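Take a walk through this protein with the model open beside you.

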Amino acid sequence: MDKEIKVEVIRKEPVKPSTPTPNHLRSYRFSLLDQIPPVSHTPVVLFYSSSNPSTDEPHTIASQTSQLLRKSLSQTLTKFPQIAGRIRENLSVECNDEGADFIETRINIPLSKILKKPDPETIKLLIPKSNATKYEVATACMLAVQANFFECGGIAIGLCLSHKLADASTISTFINSWAETTSESGNEFEISQLDALSLFPPRDSLALRPSPFEAVIEESAVTRLVFYASRIAALKSKVAGAIVKNPTRVEAVIALIWKCAMEAKRSSSGRDHHCSSVMYEAVNIRKRLVPNLPEKSIGNLVWSYAVKIEPENEIELQGLVSLQRKAIGEFTESCEERLTWEATCRHTSEMNDFIKSGDIETYTSSSWCRFPFYEANFGWGKPLWVCMGSVPPKNVVVLIDTKDGDGIEAWLSLSAEEMTFFERNQELLAFASLNPSVI
């Protein structure tokens, strides 16, 4: 009989920057794109085979590794003073060096048990919990870390970083900077503390207002799909057409998931036709602006564009890829115009209306592909696996690279009834594996 997983908290303490933040860096003002995201923390978990391959007692190794992680985190926070601060209304972060939360745990099972059959509910145990009220979350620490030590010597580093400060690119940059500091590799990990205020001026009117994005919390089921490189090559060949001759990995995978999700919706509702559907695709704007922004620019430098399909349109993969390519092209051509105050208001209002509408099925996708999460080497090798730390909201899909960098792992949340049809879709199963073992 399988042993039930138990998480024993060994310590919980704040970690503050190793040197005080200078007075001229004590206030980090939000840009408009920092003000817009809702108050939430983005969770991610990185799994490693062992923090120390020696024959020392596991608890001794865990204690030593935990101390090393706390020390290096303290040093890393000096480069990211806003992450060690606290939000003041929705205008700025007071970089007051209050620090990040650090939790050390012991896990009573081997790491392999999680990697052989990943379970979202189990993975949630590896990230810091919060039972705080919405107000308390808004004024709480920007970063919480949970270092989980398994009985086999494996380690999982779970962290939650405030979405008011960081998109996926920034999260990856922070993790890699921390890893370089921990490993003492001698490599200087360069970051860019971009002054986004001049590009996206904040609005004082958003100081006490909630995010314009209205979260809709619904019961849902989650699935994990893995598209291996060979299957992606076959999928790209299938979706290529006269308009898009060489689709990207992400375009092909999103098209297939979206098509199968719409078919699952139609089957579960008993309709003989599909309704209008919108896919909001998040895009990293660092390389979309002219001039381009540095790759490791810190902040929320992401926006979304809508890809729409009407009931009279036939749902086929080549067409969905073409619609995506057209939408991203239009976004790139008018990127700066779409990021003005007036344009962002129109966009968020339309998105909220679509989400609340019963006539339009709305999906959201976010790609973490090509961000170097798998490069994060704390001194004991690169991660075995990197994944989201929690279930995405209903009708949201998040993509991330597989370890080899050529495949894609997708986490998708749908209603339980729709998921039943989705996971049986034979076209999907021709290209995707349902929750395979990581090892």
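A crossing of two helices has a hand: if the near helix is turned clockwise from the far one by less than a right angle, the crossing is right-handed, and if anticlockwise, left-handed. Keep in mind that this is a predicted model.

Now find two helices. Helix α2 covers residues 58-77, and helix α6 covers residues 168-183. Two packed helices are described by the angle between their axes and the distance between the axes. Here the angle is about 120 degrees, and the axes lie 9 Å apart. Angles of 65 to 115 degrees count as roughly perpendicular and those over 145 as roughly antiparallel. The pair α2 and α6 is therefore oblique. The crossing of α2 past α6 is right-handed.

Which residues meet there? From α2 come Leu68, Leu69, Ser72, Leu73, Gln75, Thr76 and Leu77. From α6 come Phe174, Ser177, Trp178, Thr181 and Thr182.

Charged residues matter for the next stop, the salt bridges. The whole structure holds 20 of them. Start with glutamate 104 and arginine 11, whose closest N and O atoms are 2.8 Å apart. Glutamate 104 sits in strand β6 (residues 100-107), while arginine 11 sits in strand β1 (residues 7-15). Arginine 11, at 29%, counts as partly exposed. Both residues also belong to a network of salt bridges that links Arg11, Glu13, Arg70, Glu104 and Arg106.

Next, look at arginine 86 and glutamate 98. Their side chains form a salt bridge of 3.4 Å, N to O. Arginine 86 is in strand β4 (residues 86-88), and glutamate 98 is in the loop between β5 (92-94) and β6, so the bridge ties together parts 12 residues apart in sequence. Arginine 86 is buried at 8% relative accessible area. Glutamate 98 is partly exposed at 37%.

The last stop is glutamate 418 with lysine 265, a salt bridge of 3.5 Å, N to O. Glutamate 418 lies in helix α12 (residues 416-422) and lysine 265 in helix α8 (residues 249-269), so this pair joins parts 153 residues apart in sequence. Glutamate 418 is buried, at 3% relative accessibility. Lysine 265 is partly exposed, at 21%.

Terms used:
Residues numbered from 1 in each chain as written. Predicted model: local features only at pLDDT ≥ 70, side-chain atom pairs only at ≥ 80, totals over all residues. Heavy atoms only, no water. Axes fitted to C-alpha atoms, helices over the stretch in contact; angles between N-to-C directions. Helix = DSSP H or I, 4+ residues; strand = E, 2+ residues; numbered from the N terminus. Parallel < 35°, antiparallel > 145°, perpendicular 65-115°, else oblique. Contact = heavy atoms within 4.5 Å. Salt bridge = Lys/Arg side-chain N within 4 Å of Asp/Glu carboxyl O. Buried < 20%, exposed > 50% of the residue type's maximum accessible area, 1.4 Å probe, protein only.
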